[in-house]
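Ready for a few exercises on aromatic rings and nonpolar cores?

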Amino acid sequence: MQNILQKYAAKLVRAGLTETGGALIGLRGVQTLWSREGEACAALETVMAAIDKQAILFAEPAEPYRTIIEYLAETSGGVIEPRDFETRIFLHDLPVLQEFDPQAVAAALKQRRSVVIAGRGVVTFGKARPEAAFVIYSSVCFACFVKFFSDTLYHVRRNSVDHRRRSVLKKVLERLDPLPATAGTLMNGPFTAEGRILSAMEEAGRLMVDCRLVDSSFGNISYFADPVLYISTKGGALDELHGRIVPVSLADAAAPTERASTEFPAHRDIVLATGRRAVLHGHPKFAVILSMDCEKDDCEGRDSCHIRCPQERFVCDIPVVAGEAGAGPFGLCHTVPPAMRDHRGVIVYGHGLFTAGKHDFNEAFERLAAIENACRREYIRRVNYLI
C-alpha cells in the first residue's frame, strides 16, 4: 500500500501539479499509512474519520496552479465556480476556507469532493483508494486553470481587466509548460494484430499524458480494425492502459460492454463517418478555454452552451460543438462525427478535443498537439495588450 501512495505522489509531480514533497496522501486501514511524514497527518486523519473515507490527499499546487488558485480563493467570495465539463460532472463548485480547521474541512468535504484552503492548498478524498483523490485534485487544478484564463477573456472583451488580474496573468503566463512537441515517434500502422493494436494504444496514451494534453484519468482513445473497435475503459488512465482496453465488435447490434468508455458512441461514429482508424480525445487546456469564449452577451442559451448551441463557431479553423458524454439526445455522437469529416479536429465546448488519424496515432497526436499550440498562441494574441 505504501507503494501506491508513493505512486500517486510521483504522478502529481510528473503532471506538474505539485512540487516534489508537495503532496501528503493518506490511506486508512488497520494502521493509517502516509506518503510521507507531515505535521498535517493528525488533522487529516481526523478529517478522514469524520467523513468516513479511506483515502485523503492534501497538496500545495505547483506553479502556475498555485498562483491561479490563490487568486481565485482570494476573489471568489468563499466559493470558486468554474464552468467547464469536469466541474459540472465531478465538482459542482469549490468551497474555500481561510484556515485549516479539521472540523470545517470535514464539513465542506461532506458536501463537496474537494475544498481549497487559502494559502495552503487543496484537500480531496477517495472513498476507498487514493486514485480517486488524485483524480479530483487533478480536476480541481484543471478547472481553476480554465476558469482563470476563461474569465480573463470575458473581462478583456468588456475592457474590465483590473490591475490585480493583469499582474496575475503576467505571472502565470511566464510559468506555463513549454508547448508540446507536435510530432511523436509512435508506432506506424495500419494494425491488424490485436497485440500491435494494444501496444500502439498504450504508447499513444502515455505520450498524451507525458505532453500534458490530458489530465488525470480523463480522455480516451480507440483504434478500429474492422469490425472491431478497441477502446479505453471508463476511468482508464491513459498512461496505464495495459488491461484497460476493451474490444467491441461493431458487427454486433448489442450494446457495448459496460467497461467501455462513455465516449464509445462518439468514437464509433467518428471512425464510421471519416474512415480514419485511430481516435484521440484529450483535454488540452487552451482549446477548452477558447471554446468557452463567446462574443454574444444576449444569447438565450447562455447557460446551456455545453449541450446545445445555435451558433456555428470555430477556434483556429477548428469547429466548436456542443454535446454531452454518451448517446443521449445531446450526446457528442450527434455533433462530433459530422464535424470531423472535413476538419483536422473538433473541440467540444468546455470539454476537450477530438482528433483522428488514417492508419495510426501519429497523425492524430500531431493534430492534437498542433491545435492546442495554435489555441495557446491565439489566446496570447487576444490578451497581448495586457502583458
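**Exercise 1.** Find out which ring face K285 lies over, and which ring has the charged end of R158 over it.

Solution. K285 lies over the face of F145, 5.5 Å from the ring centre. The charged end of R158 sits over Y154's ring, at 3.6 Å from the centre. The test wants NZ of Lys or CZ of Arg within 6 Å of the ring centre and within 35 degrees of the ring normal. A quick note on ground rules: this is a predicted model, so local features need pLDDT of at least 70 and side-chain atom pairs 80 or more, while totals for chains, interfaces and linings use all residues. Residues count from 1 along each chain as its sequence is written, and side-chain values use heavy atoms, leaving out hydrogens and water.

**Exercise 2.** Classify the Y223 and F361 pair, and say whether both residues are buried or exposed.

Solution. Start with the geometry: 5.9 Å centre to centre and 55° between the planes, hence tilted (Phe, Tyr or Trp six-membered ring centres within 6.5 Å; under 30 degrees stacked, over 60 edge-to-face, the rest tilted). Next, both residues are buried (under 20% relative accessible area, 1.4 Å probe, protein chains only).

**Exercise 3.** Which residues have the most contacts inside the largest nonpolar core?

Solution. That core has 89 residues, and F149, F361 and Y379 have the most contacts inside it. Here a core means buried Ala, Val, Leu, Ile, Met, Phe, Trp, Tyr and Cys joined through side-chain atoms within 4.5 Å. A second, separate core has 21 residues, including M48 and F125. Finally, F149 and Y379 also belong to one aromatic cluster, alongside F145 and F286 among others.

Note on methods:
Buried < 20%, exposed > 50% of the residue type's maximum accessible area, 1.4 Å probe, protein only.
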